[in-house]
Amino acid sequence: MDREIRLKRLHFRAHHRGTKEADLLIGGFFDARAHDWDDAEITLFEELIEEQDVDIMAWAIGMEPVPDRYAGSIMQAMHLLNYVPVAR
């Protein structure tokens, strides 16, 4: 599948998770980072996004250990949380 189509599909899925909190965390992360991903990172995010929101959020904020299959550059970047917009 074409890279642009994969990214468009992931963009939609990252922003339509089911809760506002997950949309902000996962969608915000996608918007901030996806443009730099190589094909392997896109594939990893495609797998990650199949997980439950509560699990992804727990891994991102450090409440639960990250499974080995997701440990790496994507989850390290997700831990920073500097991509979540904060209303002031």
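1. Trp37 counts as buried at 6% relative accessibility, where buried means under 20% relative accessible area, exposed means over 50% and partly exposed lies in between, with a 1.4 Å probe and protein chains only. Leaving out residues up to four places away in sequence, Trp37 touches Arg3, Phe29, Phe30, Ile42, Phe45 and Ile74, a contact being heavy atoms within 4.5 Å. This is a predicted model, in which local features need pLDDT of at least 70 and side-chain atom pairs count only at pLDDT 80 or more, while totals for chains, interfaces and linings use all residues. Residues are numbered from 1 along each chain as its sequence is written, and side-chain values use heavy atoms, with hydrogens and water left out.

2. Trp37 is also among the residues with the most contacts inside the largest nonpolar core, together with Ile26, Phe29, Phe30, Phe45, Leu48 and Met78, and this core has 25 residues. Such a core is a set of buried Ala, Val, Leu, Ile, Met, Phe, Trp, Tyr and Cys residues joined through side-chain atoms within 4.5 Å. Two or more residues come from each of helix H1 (3–15), helix H2 (20–33), helix H3 (39–48), helix H4 (53–61) and helix H5 (73–79), and H2 gives the largest share, five residues. Helices here are DSSP runs (H or I, at least four residues), numbered from the N terminus.

3. The aromatic pairs come to a count of six, where rings of Phe, Tyr and Trp (its six-membered ring) pair if their centres lie within 6.5 Å, planes under 30 degrees apart counting as stacked, over 60 as edge-to-face and the rest as tilted. The pair of Phe29 and Phe45 is tilted, with ring centres 6.2 Å apart and planes at 35 degrees. Because Phe29 lies in helix H2 and Phe45 in helix H3, this pair ties together parts that are 16 residues apart in sequence. Phe30 and Trp37 form an edge-to-face pair, with 5.8 Å from centre to centre and 80 degrees between the planes. Phe29, Phe30, Trp37 and Phe45 form one aromatic cluster.

4. Five salt bridges are present in the structure, each being a side-chain nitrogen of Lys or Arg within 4 Å of a carboxyl oxygen of Asp or Glu. One of them joins Arg6 and Glu46, with the closest N and O atoms 2.8 Å apart, and this pair links distant parts of the chain, since Arg6 is in helix H1 and Glu46 in helix H3, 40 residues apart. Arg6 is buried at 12% relative accessible area, whereas Glu46 is partly exposed at 25%. In another, the side chains of Asp53 and Arg17 meet at 2.6 Å, N to O, and here Asp53 belongs to helix H4 and Arg17 to the loop between H1 and H2, 36 residues apart. Asp53 is buried, with a relative accessible area of 15%, and Arg17 is buried as well, at 16%.

5. Within H4, the residues Asp53, Ile56, Ala58, Trp59 and Ala60 are buried, and the buried residues of this helix pack against H2, H3 and H5. Just after H4, Gly62 takes a positive phi of about 80 degrees.

6. Leu81, in the segment after H5, has a phi near 60 degrees, a positive value in a residue other than glycine. Most residues other than glycine have a negative phi.
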